[in-house]
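Subject: Structure handover

Hi,

Here is the structure I promised to pass on. Please open it first, then read my notes below.

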Amino acid sequence: MNTSSANTSSSSLEKGRPVFSISPFTLLDFPDRMACILWFAGCNMRCTYCYNPEIVLGKGKLSWDDVREFLLTRIGMLDGVVFSGGECTIHPQIIPFAREVKRMGFEVKIDTNGSRPDVLETLIQENLVDFAALDFKGMPGNYWKITRSHLFKPFEKSLKILLGSSVRFEVRTTVHPDLLNYQELDEMEKWLREKGFSGTFYLQLFRGDKETLGDLTQTRKPDFVLEQSVWRT
């Protein structure tokens, strides 16, 4: 790394406290890896089913120094670090954070809504991502209803970037029958196939046991996902 980029990285690391909290251990969030989770505060979407309102609406509490202090105690114990949120890619610190996490010997997984393809592309170009989970909220016709954003096009670009890379990734969708029906899910699955995605399309059922951003009510599981929580395209 040249002096200029080193100074930029150092400067970015010193700015702000983007991380809301750390989950010290998970066996579920990074496939085949023992990992921890960095929960980045804030998000550029307002999905009604989101069960992390305190993270989405809250402010970060932890700086890189705080994160590094924790990670130093996990070297040799954990395989990877998950960057989640909120939406981790809205923070300029994510790239220098990822550089340092990789230098410490950890693999990196990114959980993203795909709204910042420029950031995702930089992370991939610098070999800073080992696995990604891309949230597919819905098709353009109901994207606003679900996310309160107009960010489908950036999501589509992020999918294209991942498809053109060697990074392992999965696509996942949260399902509530008030927001997505079987026909819409079928349309989403066909759209993914047409784009060239041949991986696993995961369906996550709405969790009504926690506080959420919206006022969705807990309902019985939709009939169309009782037996099909994973769609292989």
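This is a predicted model: local features need pLDDT of at least 70, side-chain atom pairs count only at pLDDT 80 or more; totals for chains, interfaces and linings use all residues.

Arg116 is partly exposed, with a relative accessible area of 29%.

Arg116 sits in a loop. The loop runs between strand 4 (107–112) and helix 5 (117–125). The side chain of Arg116 forms a salt bridge with that of Asp118, at 3.2 Å from N to O. Asp118 is partly exposed too, at 41% relative accessible area. In general, side chains of opposite charge can pair when their charged atoms come close.

What else does Arg116 touch, not counting residues up to four places away in sequence? The answer is Thr89, Ile90 and Ser158. Thr89 is 27 residues from Arg116 along the chain, yet their C-alpha atoms are separated by 6.3 Å.

Next, the salt bridges. How many does the structure hold? There are 15.

One of them pairs Asp111 with Lys109. Their closest N and O atoms are 2.6 Å apart. Asp111 is buried, at 6% relative accessible area. Lys109 counts as buried as well, at 1% relative accessibility.

Another joins the side chains of Lys190 and Asp186, again 3.2 Å from N to O. Where do these two sit relative to each other? They are four residues apart in helix 8 (residues 182–195), so about one helical turn separates them. Lys190 is partly exposed at 37% relative accessibility. Asp186 is partly exposed at 22% relative accessible area.

There is also a network. Salt bridges that share partners link Lys109, Asp111, Asp135, Lys137 and Arg172 into one group.

Asp111 has a further partner, Ser84. A polar contact of 3.1 Å joins the side chains of Asp111 and Ser84. Ser84 lies in strand 3 (residues 80–85). Is Ser84 buried or exposed? Ser84 counts as buried, because its relative accessibility is 7% and the limit for buried is under 20%. Setting aside neighbours within four places in sequence, Ser84 is in contact with Ile37, Leu38, Trp39, Phe40 and Asp111.

To start browsing, go to Asp111: look for its salt bridge with Lys109 and its polar contact with Ser84. Then turn to the loop that holds Arg116.

Best wishes

Key: Residues are numbered from 1 along each chain as its sequence is written. Side-chain values use heavy atoms; hydrogens and water are left out. Buried means under 20% relative accessible area, exposed over 50%, partly exposed in between (1.4 Å probe, protein chains only). A polar contact is a pair of N or O atoms within 3.5 Å; within protein, one must be able to donate a hydrogen and the other to accept it, and residues adjacent in sequence count only if both atoms are side-chain atoms. Contact means heavy atoms within 4.5 Å. A salt bridge is a side-chain nitrogen of Lys or Arg within 4 Å of a carboxyl oxygen of Asp or Glu.
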